[in-house]
Amino acid sequence: MLHSKGPLLSVDLTAQDTHTEDIDDVLESYIGGRGVGTKLVHDRVPFDADPLGTENRLVFTTGPMQASQMSFTGRMNATAVSPLTDGLLSSNAGGFMSRHFADTGYSAVEFAGESDELLVVHVTDEGVEFEPVPDLAGATVPETCEYIREEHDLDADHVACIGPAGENEVRFASVMTTEERAFGRGGLGAVLGAKNVKAVTFDGDSAPEIEIPAGQMEIHREAATDDHIMKEQGTVAVMDLANEKNGLPSYYFSEQSFEGVEGINGSAVADKKYKKGTCSACAFACKLPTRDEERGIETEGPEFEVAMAFGSNSGVDDIVDVMKSNQLCDEYGLDAISAGNVVASYLAAEDEFGNRELIWDLVEKIAHRDGVGDTLAEGIDRTHEELGVENWSVKGMDFAAHEGRVLHGQALSYAVANRGADHMYATFYSVEYPLVPSDQAMEPTGFEGKAERLVERENLMALNDSGVVCKFSRDYMSPERYEMLFDADFEDLLSVGDRTVTLERHFNNQRGFDEGDDTLPYAEDLPGFDDALVEYYQVRDWNTDGTVPNAALPS
């Protein structure tokens with residue numbers, strides 16, 4: 001089975017010391033990326049660790065496909081205990097850093113302990129440098145990247161950093177790379193901030209030799225030549241369909257369609273797109289560099305989820321307003337989905353939907369934990385009672401845009417996902433309203449056959465995250481192509497995903513998670529949900545209370 005190569009680099013921030021360890025057995029069993037990160041955190045972080053304490057470890061990993069030049073491979077993974085969900089969580093980011101990470105020669109780099117001064121940590125194939133940077137306290141992401149560019153001649157593609165939100169331990173702070181790409185959901189930026197690390201750089205010339213089958217180029221050519229709507233509109237291409245199906249969360253989830261959708265949909269974003277945007281080696285180019293010269297706003301995006309959170313869910317019908325919100329989140333280092341949703345919760349409480357100036361003020365206050373921003377920085381799950389609004393979250397993570405009240409398989413996915421209400425954990429929405437016609441599609445409503453399909457989807461997405469292969473490769477991948485790329489039987493590859501999901505669940509079980517956390521604010525309105533939940537546990541061979549039996553725990 002194809003897998004990453006190289007040792008684990010362990011960085012002790014307290015002692016400012018490092019050591020390496022051979023983890024070949026982990027790499028052989030978990031391939032790379034999320035699988036390896038999950039195994040390392042599961043085995044090396046105490047089950048009762050404080051997410052913002054010294055015992056938590058943040059692990060960066062990438063996968064064997066970063067040795068290729070195939071489209072959909074410019075991504076990498078970060079894993080830790082989440083300050084937002086309080087469970088084990090992996091986050092995946094695109095951009096251009098994965099190849100520089102691989103060039104260090106390490107398969108995984110973990111950060112443990114806590115520095116007593118603000119640092120930039122430089123990781124190379126020749127060693128690690130700890131650079132005190134007190135003057136970067138409070139710096140934005142662009143300011144931090146500019147400092148590293150000027151002082152070390154490394155561009156933003158080499159950098160993973162946090163903004164003020166991470167330093168202030170906002171529970172949904174992002175780790176940013178390539179300035180505008182995010183390890184977003186779950187607050188891993190706060191983990192780095194709690195460790196007093198402003199940025200990490202990766203550089204070298206020691207990427208391990210990993211032979212990738214020649215068939216990769218067929219996938220690459222298809223990605224380059226296909227006329228796919230996402231190349232023009234990105235993920236926002238689905239917004240009109242979602243709105244037509246009464247599946248676009250609006251006004252803090254109180255409504256499911258938005259009368260101002262034309263102002264924030266795929267066409268509106270495409271009108272502001274001024275060039276192609278992509279990740280390393282990818283010809284699919286689905287990113288959205290957008291600009292409004294009149295108002296001096298330039299950003300990358302917004303993607304569908306952000307156009308929902310800061311658009312329809314906040315009562316905003318102007319794409320340029322959403323672009324500015326997106327830009328502010330990138331500069332401050334905030335997950336734009338959670339930031340938009342928690343802002344929407346405040347707008348609902350104050351009857352201020354559509355107030356763009358208030359929205360931007362709240363984003364800044366959240367990043368700096370200023371005034372009401374200190375409350376909102378805790379996230380919806382911890383603040384909804386104080387605000388007097390409903391708790392639109394699962395396991396502490398607020399909902400993504402794909403509407404579970406319409407897409408019932410996606411609803412089940414939100415409920416059981418170890419990461420909480422995140423759409424990318426299984427991408428089940430793509431089965432229930434695919435942008436590209438597919439004989440694998442399922443009817444949006446009802447649960448028949450969906451528990452078994454969900455397990456397969458979760459395992460496949462965990463495989464992608466371990467590879468690392470972008471999830472938007474879905475129209476170009478097949479079981480045969482996975483077998484060709486990873487030199488293994490497809491079922492064996494899905495078993496890697498199964499082990500990864502099971503380890504996540506087991507870690508969370510030890511922290512108190514069980515079937516009581518596998519629920520939804522609207523579960524009682526979905527006939528058959530409880531039976532589907534029981535069936536999901538059965539397919540996974542888990543206990544009826546949602547816990548992992550010892551017999552199912554990977555060795």
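**Notebook: two sheets and a serine**

I looked up Ser-10 and found that its bridge partner in E6 is Glu-110. The model is predicted, so I note that local features need pLDDT of at least 70, side-chain atom pairs count only at pLDDT 80 or more, and totals for chains, interfaces and linings use all residues. Residues are numbered from 1 along each chain as its sequence is written, and side-chain values use heavy atoms, without hydrogens and water.

Entry on the sheet with E1. Strands here are DSSP runs (E, at least two residues) and helices likewise (H or I, at least four), numbered from the N terminus. Strands E1 (residues 8-12) and E6 (residues 108-112) run parallel and are joined by five bridges; two strands pair if DSSP finds at least two bridges between them. I read the order of this open, mixed sheet of six strands as E2-E1-E6-E3-E4-E5. Strands E2 (17-21) and E5 (88-93) are at the edges with a single partner strand each, so one side of each has no neighbour in the sheet.

Entry on the sheet with E7. Six strands form another open, mixed sheet, in the order E8-E7-E12-E9-E10-E11. Strands E9 (residues 159-161) and E10 (residues 175-177) run antiparallel, with two bridges. I found Met-176 in E10 as the bridge partner of Cys-161.

Entry on Ser-345. I located Ser-345 in helix H13 (residues 336-350). Ser-345 is buried, with a relative accessible area of 1% (buried means under 20%, exposed over 50%, partly exposed in between; 1.4 Å probe, protein chains only). Beyond its neighbours within four places in sequence, Ser-345 contacts Tyr-252, Ile-380, Leu-387 and Val-389 (contact means heavy atoms within 4.5 Å).
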